[in-house]
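User: I am new to reading protein models. Can you take me through one, feature by feature?

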Amino acid sequence: MSRVLVVEDERHLANGLRFNLEAEGYDVETLETGDDALTRLAADGPLVDVLVLDVMLPGKDGFTVISELRRNGRFIPALMLTARGHPDDILKGFAAGADDYLTKPFELAILIARIRGLLRRRDWWRTGELPAPQPTTSGAREEPDRYTFGKLKDKTVDFNLLNLEVRGQRFPLTLMEANVLRYLIRHEGRPVSRKAMLEDVWDLQEGTDTRPIDNFIVRLRRYIEDDPTGPRHLLTVRGVGYRFIAVPEAQR
Ligand code: CA
């Protein structure tokens, strides 16, 4: 049975989620603060499979909680609950390391579907087994699940397993890190604007703060660049955005 940890200080909402998720067959724990969540997840105890995390919490907020978890190498699938009317929070949550989000108020059926989606991805991750390829009408898959780059072909991103292997070292990616990388790779060699990334990767409108995109790039550079301060693959295009280069010039 999968265990969901709900971190939400509005008690009626937390109780409602518990009731309904238990009815769906999940084990549910609820906590009211970010500090309690970090303590719980650092402690021994039944393994938590999915974290449902409110942004607005007393003490440490949801962004802080998720970024602390990721910094400590904890890649538990996490869905953030953001307040309506704060589109910047969505990107900020993804930049902090969230895998998915829902805007309050949300429909329960949608939350349950999202939790299932996160659990499915976690299963691929754990077993290393890929889900069965979905047959398409053309009989071909649209994009490969793995992409190898670098002159020595020593860097591979696996979009299904959500990890990146660089010179034999493996880094887990959040879903959004993988999506950002996939988007840049799809436009290999061409500049991609922050605005386009915002719209195409996050489905957010212009006017949203684009700085969190830069945080993603900083993190991805730490994984894939030999020298993250002198990037060769993930280049900044001044005043525009970014450009991905599979095999940097000097290495061709
Ligand atoms: Ca709250």
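Analyst: Start with a loop. Proline 46 sits in the loop between α2 (34-42) and β3 (50-54). Helices (H or I, at least four residues) and strands (E, at least two) are DSSP runs, numbered from the N terminus. This is a predicted model: local features need pLDDT of at least 70, side-chain atom pairs count only at pLDDT 80 or more, and totals for chains, interfaces and linings use all residues. Residues are numbered from 1 along each chain as its sequence is written, and side-chain values use heavy atoms, with hydrogens and water left out.

User: Is proline 46 buried, exposed or partly exposed?

Analyst: Buried means under 20% relative accessible area, exposed over 50%, and partly exposed in between (1.4 Å probe, protein chains only). Proline 46 has 47%, so it is partly exposed.

User: Which residues is proline 46 in contact with, beyond its neighbours within four places in sequence?

Analyst: Contact means heavy atoms within 4.5 Å. Proline 46 contacts Arg3 and Arg40, with those neighbours left aside. Aspartate 27 is 19 residues from proline 46 in sequence, and their C-alpha atoms are 10.0 Å apart.

User: Which residues coordinate the calcium ion?

Analyst: Look for donors: N, O and S atoms within 2.8 Å of the metal (3.2 Å for Na, K and Ca). Water is not among the atoms, so sites may look incomplete. Here Asp9 (OD), Asp54 (OD) and Met56 (O) coordinate the calcium ion at 2.1 to 2.3 Å. Their spacing in sequence is D-x44-D-x1-M. Aspartate 54 is buried, at 3% relative accessible area, whereas methionine 56 is exposed, at 59%.

User: What is the order of the strands in the open sheet?

Analyst: Two strands pair if DSSP finds at least two bridges between them. Three strands make an open sheet here, in the order β10-β12-β11, with antiparallel pairing. β10 (191-193) and β11 (234-237) are the edge strands, each pairing on one side only. From one strand to the next, the twist averages 35°. β10 pairs with β12 (residues 241-244) over three bridges, in the antiparallel sense. Proline 191 is opposite arginine 243 in β12.

User: Which strands does helix α6 lie across?

Analyst: For angles, axes are lines fitted to C-alpha atoms, for helices over the stretch in contact, and angles run from 0 to 180 degrees between N-to-C directions. Helix α6 (residues 175-186) lies across β10, β11 and β12, at about 70° to β12. α8 also packs on the sheet, touching β11 and β12, and makes about 145° with the direction of β11.

User: Why is α6 called largely enclosed?

Analyst: Count its buried residues. Nine of the 12 residues of α6 are buried, so the rest of the structure largely encloses it. Among them are Leu175, Val180 and Tyr183.

User: How do I describe two helices that pack together?

Analyst: Angles under 35 degrees count as roughly parallel, over 145 as roughly antiparallel, 65 to 115 as roughly perpendicular, and the rest as oblique. The axes of α6 and α8 come within 10 Å and cross at roughly 85°. α6 and α8 are therefore roughly perpendicular. Helix α4 (residues 87-96) packs with α8 at about 10°, their axes 9 Å apart. That makes α4 roughly parallel to α8.

User: Where is arginine 219, and which residues does it touch?

Analyst: Arginine 219 lies in helix α8 (residues 211-224). Leaving out residues up to four places away in sequence, arginine 219 touches Phe94, Ala95, Gly97 and Glu177. Arginine 219 counts as buried, at 17% relative accessibility.
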